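Here is a set of exercises to work through with the structure open beside you. Try each task before reading its solution.

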Amino acid sequence: MPRTIPLLAWGLCAGALLCAAPARAQVDSVRASTLPGRQLAEKAYNAGLANYSAQNYSAALASFNQALAAKPDFAPAFANRAATRLALKNYPAAVADYDQALKLEPGAYAHYFGRAQAHEAAGEGPAAEADYGAALQANAAYAPAWYNRGVLRFEKGEYQAARDDFDGAVKADPNYAYAYHDRASANLELANWPAAVQDYTKALALQPTLLPALLNRAAAERRTGQLPEALRDYDAYLTQKADNPLAFTNRGNARFENKDYAGALADFDRAITLDAKYAYAWNNRAAVELKLEHYAKANADATEALRLNPKYAEAYLNRGHAREMLRQADEACQDWHQAAALGLAVGNDYAAAAGCAGDAAEVPAGK
Amino acid sequence: MIRAFTRSVLLLGSLAAATAHAQSVEFTKEKFGGDKDALKDALRELRAGDDAYAADPANYGAALPHFLQAQQLNPDNAALNSKIGDCYLHSGTKALALPYLQRAQALAPADDSRTHYLLGRALHLNAKWAEAIKEYQRATPMGGGKRAADGALTLTADDLARRLRECRNGQELQKHPVRVFVDNAGPEVNSTFSDYGPVVSADEATLLFTSRRPGGPNAKKDPDGDSYYEDIYQTAWQGKRWRPAASLGAPVDTEGHDATVALAPDGQRLLVYDDENGGDLNESNLKGAAWGKPLHLGNRVNTRYHESSASYSPDGRYLYFVSDKPEGGRGGRDIYKIELEGKGPAENLGAAINTPYGEEGVFMMPDGRTMYFSSEGHNSMGGYDIFKSTLTNGQWSAPENLGWPINTPDDDVFFVTSASGRHGYYSSDRPGGQGGKDIYRVTFLGPEKAPVLSEESQLLASRLAPVAQTLLSPPVAVATARVTILKGTVTDDATHQPLEATIDLVDNKLNQVIATFHSNATSGKYLVSLPSGTNYGIVVRQEGYLFHSENFDLPAEAAYAEVIKDVPLKKLEVGVVIVLNNIFFDTGKAILRPESTAELERLQKLLTDQPTLRLEMAGHTDNVGKPAANQDLSQRRAQAVVTYLTQHGVAAARLAAAGYGDTRPVAPNATKAGRQLNRRTEFKVTGK
């Protein structure tokens with residue numbers, strides 16, 4: 001209702017003028033501006049909004065500055081200037097403006113939500129999560145606040161809490177495709193694979209262009225043993241988007257699981273063609289070449305993966321396997337040990353079984 | 001010893017049985033083109049070979065070199081190629097038989113059982129399982145189970161069934177090869193002659209084996225073949241390779257056959273075989289760096305039959321050994337266990353291990369429960385295969401074939417392992433060796449090491465395709481000021497000094513003063529806000545001056561405007577002209593509108609307050625219309641004002657009415673604003 005106040009005030013003044021004549025004018029109060037401050041603030045504020053909509057953020061910022069100069073208690077101008085500063089990636093200033101907006105309009109969920117976004121953008125996860133929570137306390141029906149908090153919790157590995165938040169989001173907005181998608185992802189992480197497949201399917205029904213849902217549903221289907229369905233999803237994705245090395249790599253993995261090593265090799269080839277710096281594709285091609293007993297190629301590919309990512313434990317492990325078969329026993333031992341040092345403890349098991357120096361040899365399983 | 005476990009099932013076929021074929025080339029003058037010497041050499045080699053081949057028992061090893069020489073001179077004789085194949089099938093390099101037998105079949109196709117069987121064997125030994133099965137299936141039992149006087153092949157239905165079974169085993173086992181490296185021990189160990197029977201110390205530092213190379217105590221060749229007598233050689237591991245092997249010499253190596261059998265885990269005792277008493281086991285002890293004279297293990301172990309291989313239990317109390325003694329046996333060679341310091345008889349390991357066929361090469365792991373041995377039974381793919389069985393609660397597990405490529409269709413025997421189990425050693429005859437049987441080291445790679453694939457996901461939709469979620473506060477309705485700001489400075493028209501004047505704001509429609517202001521006494525400035533929707537009369541007055549009137553007729557929809565109007569107040573002097581901005585007429589008429597009342601009253605008051613004042617009321621128009629009409633209208637309007645005043649008590653003599661039409665414009669008539677200024681009513685002071 002703030003916008004009605006100037007009219008009302010004017011009306012009151014006019015009424016007083018009419019009703020209480022003669023009145024004495026304060027004739028020396030002529031201002032340089034021809035507009036009253038409030039009116040100037042509102043016009044500048046609206047201009048700021050127009051500039052923001054046109055993504056002319058610097059002009060928007062100037063307009064909101066003008067509005068606030070004319071009306072220092074103009075809460076919406078603080079909020080929108082904060083949004084403008086957020087767009088300009090000036091996160092501390094955005095947070096400060098949202099602070100002001102909240103002082104002027106305590107409990108406004110939109111300001112909490114905006115400040116949460118500013119904190120999140122600034123990498124201040126806990127503060128962001130707290131503000132999303134405050135926004136939800138003020139307005140539990142605002143689905144994006146549920147969703148965004150869920151995302152933060154997901155990224156912290158708190159999948160159960162994230163799933164609860166995505167639940168809140170879909171309850172608040174039953175057509176929220178992203179919320180279904182990400183709830184599916186939480187279910188994926190929680191090993192609730194059928195539920196994940198169901199939610200990805202719902203997300204796709206709501207938003208058929210949400211192609212990552214195809215990739216992720218495929219991942220869930222692989223875990224439930226639905227390899228043909230997974231391959232179909234990868235195919236569907238790649239039919240629509242054939243420039244994603246990640247998708248080729250993941251389909252290659254599915255084909256690998258399906259023992260279609262030639263198909264997997266073709267996919268990893270394609271991924272590398274699309275992005276020669278994609279270490280995963282190099283490593284995975286090394287893996288399929290191990291299966292195809294192309295040990296020299298496997299060695300070369302794993303080496304390239306390690307050149308791209310010197311801390312790549314899996315590539316060390318695969319290269320160890322290749323080098324063992326290339327009769328480079330010492331080098332294989334070094335690679336397995338390195339894989340173990342980088343977190344793949346099984347590397348030590350391989351080294352021990354192979355009788356690597358410093359390892360207690362064991363009778364190989366099955367012998 | 002090696003020949004002892006080569007089980008012969010083939011008997012010599014008659015040379016005469018080799019049927020001539022149109023494409024087979026005989027050893028004739030025509031073939032040799034008059035080269036009598038070559039024909040003579042060929043026939044000589046052929047006869048020498050045939051002599052050995054036709055001997056009873058046949059001496060395939062002696063026949064083969066002659067046949068090969070003859071074949072060099074005439075490679076297209078079907079019978080000769082067939083005999084070479086047969087000799088190879090009875091040699092240590094059986095797989096080499098195949099091309100000769102296939103050539104013979106091509107030169108002179110035959111559909112007899114013997115041909116199919118021999119081809120089947122050669123194919124079998126080359127691991128050509130499916131083709132071998134076809135040939136075996138075309139063969140039929142021959143010879144009634146006994147060797148015929150003419151050396152014809154003896155083949156039973158059981159033999160054929162067993163070969164078929166072996167091929168099928170081979171097919172299955174080859175489908176799932178075990179992950180091993182099989183490496184030749186190298187020229188430091190292997191010679192161009194047969195080398196076999198490796199035994200290794202627990203730490204793999206020492207390797208002893210049997211070799212049929214020259215250089216042993218007996219300089220003569222073994223008359224049974226083309227090799228020397230068996231002797232024992234020893235070598236040591238140097239980090240990357242074996243040191244060149246050397247004969248143990250006396251007293252272990254003798255002029256007879258001396259072969260390795262087993263090395264105790266501590267490396268201090270060596271079991272050796274000699275060919276006395278049908279083949280017996282002896283033990284030599286290491287004294288310092290020298291092995292002592294082998295001592296007979298006694299009659300509880302050795303019999304008049306063939307005791308060929310053995311292995312100590314880890315604690316040395318027991319001996320596992322192989323014997324073909326019929327008493328207590330299950331057929332062929334069997335594995336027995338005996339307590340060395342005990343008094344009881346040797347115990348057959350039973351049906352779990354021993355089959356109706358031969359078992360050989362027993363080796364007990366240092367764990368005391370894992371036993372490796374070779375067997376022609378179980379699921380062998382041909383000849384002796386190496387098996388593993390473990391002892392649990394006194395029961396031996398079902399033997400497990402070590403699989404392809406450790407095992408082959410030919411004999412794979414005398415397998416021992418290092419204490420770690422990482423490596424195994426055995427002898428095998430396979431392409432790429434040094435010659436004859438060679439010692440190979442098997443490196444167990446264990447189950448396939450699973451390659452590790454990496455994968456990343458794009459699990460959060462908003463991270464991949466962010467959606468703007470900015471909550472902007474909405475636009476506000478601007479409180480548009482429907483007001484006109486009138487401001488300016490009130491001055492004395494003559495001196496231009498600021499004046500403090502009274503400013504009356506009059507609602508002309510209501511004929512009511514709605515506000516009264518004052519200009520600043522010092523600056524003369526004033527500001528009046530005029531909300532839209534009213535016809536305002538603005539009257540600026542000061543005592544001693546003529547009032548000044550302005551009109552602002554602001555409709556309700558009039559937007560904000562700011563008007564600067566400086567007001568020079570004029571003193572009451574003759575000749576002064578004052579515009580009466582708040583006198584209104586209907587369009588084109590001289591009828592005063594009600595909104596004029598306030599202005600007329602001010603004029604009336606002025607005349608009342610100044611009784612001597614005389615005025616001329618003047619009417620003016622713009623230049624629109626005809627001048628005469630304009631003049632008439634202006635005259636009539638001036639008169640209307642005069643009439644009003646006279647009707648309200650002003651003496652007519654003090655007033656005059658003058659119509660000037662459009663003759664005295666105060667602004668150009670070119671614009672609407674100018675024309676409006678020109679349409680006016682004013683008075684001029686004509687006397688005071």
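**Exercise 1: a strand at the edge**

Strand E13 (residues 334-339) of chain B and E14(B) pair in the antiparallel sense, with 2 bridges between them. Before going on, note that this is a predicted model, in which local features need pLDDT of at least 70, side-chain atom pairs count only at pLDDT 80 or more, and totals for chains, interfaces and linings use all residues. Residues are numbered from 1 along each chain as its sequence is written, while chains are lettered from A and ligands numbered from 1 in the order in which they are written.

Task: find the sheet that holds this pair, and name its edge strands.

Solution. Start with the terms: helices (H or I, at least four residues) and strands (E, at least two) are DSSP runs, numbered from the N terminus, and two strands pair if DSSP finds at least two bridges between them. Next, follow the sheet, which is open and has 4 strands in the order E11-E12-E13-E14 (chain B), with antiparallel pairing. Its edge strands are E11 (307-312) and E14 (347-348) of chain B, each pairing on one side only. Finally, look for a residue pair: Lys337(B) stands opposite Glu347(B) in E14(B).

**Exercise 2: a second sheet in chain B**

Task: work out the strand order of the sheet with E2, E3, E4 and E5 of chain B, then follow its bridge partners.

Solution. Begin with the order, E2-E3-E4-E5 (chain B), in an open sheet of 4 strands with antiparallel pairing. Strands E2 (195-200) and E5 (246-247) of chain B are at the edges with a single partner strand each, so one side of each has no neighbour in the sheet.

Now take the E2(B) and E3(B) pair, antiparallel over 4 bridges. Tyr196(B) has Thr210(B) in E3(B) as its bridge partner. The hairpin of these strands has 5 residues between them, and there Glu204(B) takes a positive phi near 65°.

Move across to E3 (residues 206-211) and E4 (residues 231-236) of chain B, which pair in the antiparallel sense over 6 bridges. Phe209(B) is bridged to Tyr233(B) in E4(B), and Ser211(B) stands opposite Asp231(B).

Last, check burial. A residue is buried if 20 or more other C-beta atoms lie within 10 Å of its own, exposed if 12 or fewer, and partly exposed in between, with C-beta atoms placed from the backbone. In E3(B), 5 of the 6 residues are buried, so this strand is largely enclosed by the rest of the structure.

**Exercise 3: a loop residue**

Task: is Asp266(B) buried or exposed?

Solution. First locate Asp266(B), in the loop between strand E6 (258-263) and strand E7 (269-274) of chain B. Then count: Asp266(B) has 12 C-beta neighbours inside 10 Å and therefore counts as exposed.

**Exercise 4: a covered helix**

Task: which helices do the buried residues of H6(B) pack against?

Solution. Helix H6 (residues 113-125) of chain B has 13 residues and reaches 18 Å from first C-alpha to last, close to the expected 18 Å; the expected span is 1.5 Å times one less than the number of residues. Of its 13 residues, 11 are buried, so H6(B) is mostly covered. Among them are Tyr117(B), Leu118(B) and His124(B). The buried residues pack against H4 (78-89), H5 (97-107), H7 (129-138) and H8 (157-175) of chain B. Just after H6(B), Ala127(B) takes a positive phi of about 60°.

**Exercise 5: over to chain A**

Solution. Chain A has 20 helices and 0 strands, and buried residues make up 50% of its 367 residues. In helix H20 (residues 346-353) of chain A, the buried residues are Gly347(A), Tyr350(A), Ala351(A) and Ala353(A). They cover an arc of only 165° around the axis, which puts them on the same side of H20(A); the arc is that of the directions from the helix axis to the C-beta atoms. What covers them includes helices H18 (313-325) and H19 (329-341) of chain A. After H20(A) comes Gly355(A), with a positive phi near 75°.

Note on methods. Contact = placed C-beta atoms within 7 Å.
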